[in-house]
Structures are given as C-alpha cells and as structure tokens.
Amino acid sequence: MPKMTIPEEEHTYPGSTGCPGCGANLVMRYLLKGLGERTIISIPACCWAVMPGYWPSNCLKVPLVYSAFEATGASISGLRAALDMKGVEDVTVVGFAGDGGTVDIGLQSLSGAAERQTDAIYVMYDNEAYMNTGIQRSGSTPWGAWTTTTPVGKNHDFKQEQKKDIMAIMQAHRVPYTATVSVAHPEDFIKKVAKAKAIKGMKFIHALSPCPPGWKANPMYTIEIARLAVDTHVFPLYEIENGKVHVTRKGKGLPVSDYLKLQGRFAHLTPAEVSSIQSAVEANWAILLEKDDSGT
Amino acid sequence: MRQVMTGNYASAYGAKLSRAEVIAAYPITPQTSIVEKLAELVSTGELKAKFISVESEHSAMAACISASIVGARTYTATSSHGLTLMHEVLMWASGARLPIVITNVSRAMAPPWSVWADHMDSIAQRDTGWLQFFCSSNQEVLDTTIMAYKICESRNVMLPAMVIEDAFILSHTSEPVDMPEQEAVDSFLPSFSPELKVEIGKPMGFGSLVKPDQYMEFRYKAMLAMKAARERILRVEKEFKQVFGREYGGLLENYRCDDAEVVLVAAGSTAATAKDVVDSLREKGQKVGLARLRVFRPFPHEEFRALASKVAGIAVLDRSYTFGVSGAFFTEIKGSIYDCPKRPAMKNYIAGLGGRDITPKILEKIFDDIQLFVKRREETDVEWVDVAGLPRRWH
Amino acid sequence: MTKSYEEIPLTPISNTPSTMNMTGLWRAFRPIVDISKCKRCTICWKFCPDAAIKLVDFVPVIDLKYCKGCGICSAECPAKCIEMIKEGIE
C-alpha cells in the first residue's frame, strides 16, 4: 500500500506568483504542514512579499501581516505581545524572511527578538542573494558565486567573501532550538518544524531554498540541487537543541562539484577554486561532526 | 486629583489612563522618563500591558504596528533621531491605517549634537500621514494623549497620531496637572475594537501588494480620513470638555485675536510664553494676538483663512527650518491663504533652534517688527532671530 | 478592474484564494503522466512547489490551470513516468 510521508492537508493554494521551481514555495508549503493553521506569519520585503499575489489574492490559509524589510524580529515580538495581552493562546507566531532580510538588513531586529526570547519561530529561506530585486549579493551569498553585483567579468570578481554563519549567530543568542532544513528532505523539515513549535522561546529554522533564475539552474533540478547540497556537505542537516548538536543526516559525502555543476552561478570557477570550496566544506563538516552529540 | 509632574510623566500617565496594551520603546534623551515610568507602572501591575524593550526606535514602531494589526492599543515615545529613524515605519503605520499614538519629545537633530528643544524632528514627519498635536503645557500633553486615541480610533479616521512636547521645556519641567480618574477616562475612551484586524484562524494578508490601477484609491481613502480627522478633533475636544472641563482651542487656538491687527503664529511651549507677551502688549494698547498652531496635521486651512481675513499682519515663528525655503509653518500658512480675498502681510521668524531660549523680550520684538513690516514691507520675509553675527539685536 | 475607493477596505486585505491566478499560462513545458508506469509513490505530489498536483488513488492529477511547468515532478519521479513536452505542440 502506498504511503504519504508528509501530512496530506495543504495550507497553501496553487496560484502563488513564485517562479517555476521556486524553492521558497516549498519552504512555505512544508512549514505550514508542520505547523497547521493556528499560525500567524509576518513577512518583510522579500520574494514572499509578492508571492501571495496581487491584492486580493492570497495563497496562504493562515493570517499574514507584512513588515518593513528590517523589522521581522520586532514584528513577531509585537504580534506575540498583543496576542498574549488578548489572551489568544496556542498560536505559533512565525517570522518568515529571506536571507538578506535576515543576515543583513534584518539582523538587528532578529538579534533583539532572539535576545528577548520572543516565543516565535523565525524561518530564513535562504536563496543566497537578493532575489526579489534581481540577484544582488547578500551576506548569505556563498564564496565563489556570480550575482549581478559580483558579476565575474574580466576581473573574475565573483563573490570574494564567505557566507555569514547565521546558525552560529543565532546560537550565540542561546536560543533553545535552531535547525537547518532542506526542501529535498521534507520529512526531516516537517519533523523539525513540529519540534520547534512545541518549544517555548525563540526558534530559528535555516532553510536552503534553491532559486532557479538566481542560481542559473534548470527549475526541474530544484530538489536535486537541494539534495546535493546535503550530500556534498555544502549544507548539512542538523539541529541544535539547548546547545546540543545533532546531525540529522550524514549525507553521501559526494564531491562539491556535483552540486556546483548544476548551477550556472558557479560556472566560471576554475578547478583550483572548486577544490578550495571542497576543502572549506570538508573543514566545516569535520567541525560539525566533532560537535555532533547524536551518538551515531 | 491635582499633582505636580513633568511633561514626560504627563505623557506616561496619559498612556496609562488610555490603557495602552502594548508598549514598545527604546531610550533616547529626553524621552527616557516616559518609558521608565511606564515600565514601572507595568511592573507594579498598575497598568496591565506588555512592555517590549526593543533594540531600536524602528523596531519600537514595527512592534507597535504588528501589535496594532491584531487589535491591541499601542504606545511608544521617542525623540529627534529616534523619530527620524522611525520615518519609514511611520509611513507603514498610516498606510496600514493603524491608530497608534506616540509621544515625541521634540528635539534638535545632529550635528551639531543637541538634546534641546527644536521642532525639526516633528516637522520632518509631516508627510507621513500622522496627526500631529503640538502641546503647550503638561496638562495638555496628558489630555491630548487620551483625546488622540479617541480621535484616531474613530471609524472614519483610523490614522496614527503624534503628541509633541518640547524637549526639557515641557518634558523635564514640573507643572500642576489634574489627573483624571481612571473610571472617567474609561467611559470617555472605550476599549479598542477595530473593525478590521487580523485574527487567528482567519486567512488574510494585511497590507498586500496592489497594482498601479488600485494604489491611488487606497491613498485617496487615507486623505479623506485625514480630512475627517478635523471634525473629529473638534468633536472629541467638545466631549472632553463636557467630561473633564478643559479645552485647548481646536486646531488653531486663537488668543485675543478678535480685534487684533497683527498676530503671532507659534506652536509648542513658546506659545505659552507668547500669551503672556500678548497680555502685556495689550495692556500697552497694542492690538496683538496669538494664533497657537496646535494641530499641524491635519492642517487648519479654514482657521487660517478666517484669521487672514481679520488681520493686517501675521508673524510666523518656526522652531525649525526647511533648507532652501523657509520655516514649514510659514510656507504652509502662506499657501493656505493664497486665494483669500484679503491677504495680510506675512513674515517668518526662525527662532529657538537647538534649545536657544525664545524669551518674552524676543517675542515682543517680533511683535514690534511685524507691525513695522505691515507698514513698509522689507525685501526679506524670512528672518533668523538671535543669531550672533547678524546685525539686528534681539535682547 | 479598478475598484472605487468606496468599495475597498482601509488597507489592502487579501483573502481571495490565489487560485484566482491562472499561473498555468506561464508554462513553457507541460507534464504528461503515463499512468500505466506510475508506482503510486506520491513523490511528485510531495515536491510540487505549487501544490498543483492532486492525488486520486495515489495517482497524480496535475492541475494545468496552475502548473507552471517547472518539471520537478518529472525529474523526481523514480518510475520516470512524467514527460515534459513543449507547450503548443499537440
């Protein structure tokens, strides 16, 4: 007998204005499958500010408030305070922001919300650049990537800086739960979200969200790319619960070139540059395994 | 009950008596004692509210916005750089039609660094879609805070308001203030229950994306609301007087203007000083008056047009300056009376920036000067008052 | 169509399901399911970004009004039973 591995009920409608093959659409779909409809979401400027569609269209079956680009953290604190005052209970307050809105312009208010231990889940869907404005580099763009503001060109000036480690930044705020999730592993994704929902305080979910136009990738490979990110250890799946690290998927340990070659944003890299990414990924993976407390 | 308190405590008690439910605030001189007092009232349980210590004024307003969207009465207080940091989200609050009330302790912008009275911060927010009340006494600060909620939460208004008190001159100066009874305020100001709010279990996007073919209609509605605020301000003040016995003269308080030949327009604490000056000049037989600009948004067009038809000269005192133009009050008043059949002579006086004292002597000289200006118009109609290096002496 | 200012709420409130947007019109490639090969694993349904696949007895029914033709279902189908063909070719 066939079996569905994730909850059947949908909390999103078709007809969102996300691009074909959009990873962020899946991040929202899985998130709501994990949370259910007693949820309220705050969304700042990002792809998802336009993806519900033009007024009066809405692809979400939960209430949604918009916030200024840099203010998601403050917005979820305001929502939680008001709902508490009104005695509205058993509601999951969610901040749902892109990588620029999280690690760059929104970092201050996220830090404030985390320090206040606002009882909410903050989800960063990480498409690794400012995609809604047309693929400009963000603090979350990985080293080596092409974007419109790291245009490669004659000077080979791809993104020269490392991606910010937002998981470590959140860990430094001593929040009770942080996790990485992948659209290629919805079962793990939904399990982590459901876990976060049951924990009080600030929870942080880092979702890698492939962006076909921004990553110069064929939209049909969104899942494949996300899967390779895990299997190459570019984006390991783990969670940190009260400071304890659990790697939730070991991955196959494939060469990073398998992941990079499906994306035109890395096409300019020389073999030496690819191998420097390989070394960095291996070093990070070793550090993570050392911290791993899952006993496997 | 009469108590002696600062403008800042008057603000805090105004918010407390209005039963603000969510307060999000960030400290800035000279606003701090407002939020300190509110934190204390929340911690002692005298005020049932959530107090969010945010990490910036931008976040203070953003938190108030989200709290207001789900139906909470919200309050914050700020000053100068804090208010200008909020600028983006001030527009957000009015666009989302949220009746948030804040206190702005009006203070100069840096550089040069200055923590003293100046209206630049408030004036710079005139286009944000907020009602703006300039107060002249601590009592007015308290009363206006309560009235502001009632005005803003009206169905046909639903816009935010800023209650403005001058840095230190009101914020840190103690005056006797009559503290209304909580029960009286409760019956004057019912609890906040907006028709439109986001509720759990009800799918809805609040404030979403519209195309160019629909944007203007939303803005038009907000414009109508700001217009409607005018009548609402007058009505709420009338009701307030019936219950509490105090009134403040509507949008433009005319003080001894009836038979005046020249009037001074001023806002904030200076206007209180100016009343004394008017009295003393009246005793000397001069036909002078004061038009206290109490509400800058919505702008009191009708009041100014009525005033223009009665007087020969209007001196406009701006405690801020719009570089390349003149004071903001001045240009707006001038624009307002442009097509009046009778247009008085008008001159702009820029004074009191960065907390420079605007003394009774200076105000007397302004009255002297405008009377001369009416007779023989000078070339310049914008004059900076009491600036070292300029020829005219004001002391 | 533009609505009169009298007919709209104070601020844009979106509460109409996005099924009002016929995103299927964007499609450059159309998924064709060969049901005879389908193993009823539901993976295509699981990975559809647009929730545009419904399951009838665990067999996918793709709603072409909304399917944007990304091809994820085709790429992920272990039985290789979904083919992407260029739109406009019958």
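These legends go with a set of close-up views of a predicted model.

**View 1. Where chain C meets chain A.** Here 35 residues of chain C are in contact with 44 residues of chain A. Put together, chain C and chain A bury about 3,000 Å² between them, and 63% of that is on carbon and sulfur atoms. On the polar side of things, 22 residue pairs are in polar contact between these two chains, both residues at pLDDT 80 or more. Four elements of chain C each supply at least two residues of the side that touches chain A: strand S1 (13-14), strand S2 (16-17), helix H1 (43-46) and helix H2 (72-76). H2(C) gives the largest share, with 4 residues. Sorted by class, this side of chain C has 19 nonpolar, 10 polar and 6 charged residues.

**View 2. A salt bridge between chain A and chain C.** The count of salt bridges between chain C and chain A is 2. In one of them, the side chain of A:Arg227 meets that of C:Glu76, at 2.4 Å from N to O.

**View 3. Strands pairing across the two chains.** Strand S2 of chain A (residues 57-58) pairs with S2(C) in the parallel sense. There are 2 bridges in this pairing. Look for A:Ser57, which stands opposite C:Thr16 in S2(C).

**View 4. The two domains of chain B.** Domain 1 brings 28 residues to the contact and domain 2 brings 26. Between them the domains bury about 2,200 Å², 52% of it on carbon and sulfur atoms. Three residues, B:Arg126, B:Phe134 and B:Arg230, supply 27% of the area that domain 1 buries against domain 2, more than any other three residues.

View 5. Helix H6 (120-123), strand S6 (131-134), helix H7 (138-152) and helix H9 (212-244) of chain B each supply at least two residues of the side of domain 1 that touches domain 2. The largest share, 5 residues, comes from H9(B). By class, this side of domain 1 has 16 nonpolar, 5 polar and 7 charged residues.

Conventions: Residues are numbered from 1 along each chain as its sequence is written. Chains are lettered from A and ligands numbered from 1 in the order in which they are written. This is a predicted model: local features need pLDDT of at least 70, side-chain atom pairs count only at pLDDT 80 or more; totals for chains, interfaces and linings use all residues. Side-chain values use heavy atoms; hydrogens and water are left out. Contact means heavy atoms within 4.5 Å. Buried area is the accessible area (1.4 Å probe) that two parts lose on being put together, summed over both. A salt bridge is a side-chain nitrogen of Lys or Arg within 4 Å of a carboxyl oxygen of Asp or Glu. A polar contact is a pair of N or O atoms within 3.5 Å; within protein, one must be able to donate a hydrogen and the other to accept it, and residues adjacent in sequence count only if both atoms are side-chain atoms. Ala, Val, Leu, Ile, Met, Phe, Trp, Tyr, Cys and Pro count as nonpolar, Asp, Glu, Lys and Arg as charged, and the others, Gly among them, as polar. Two strands pair if DSSP finds at least two bridges between them.
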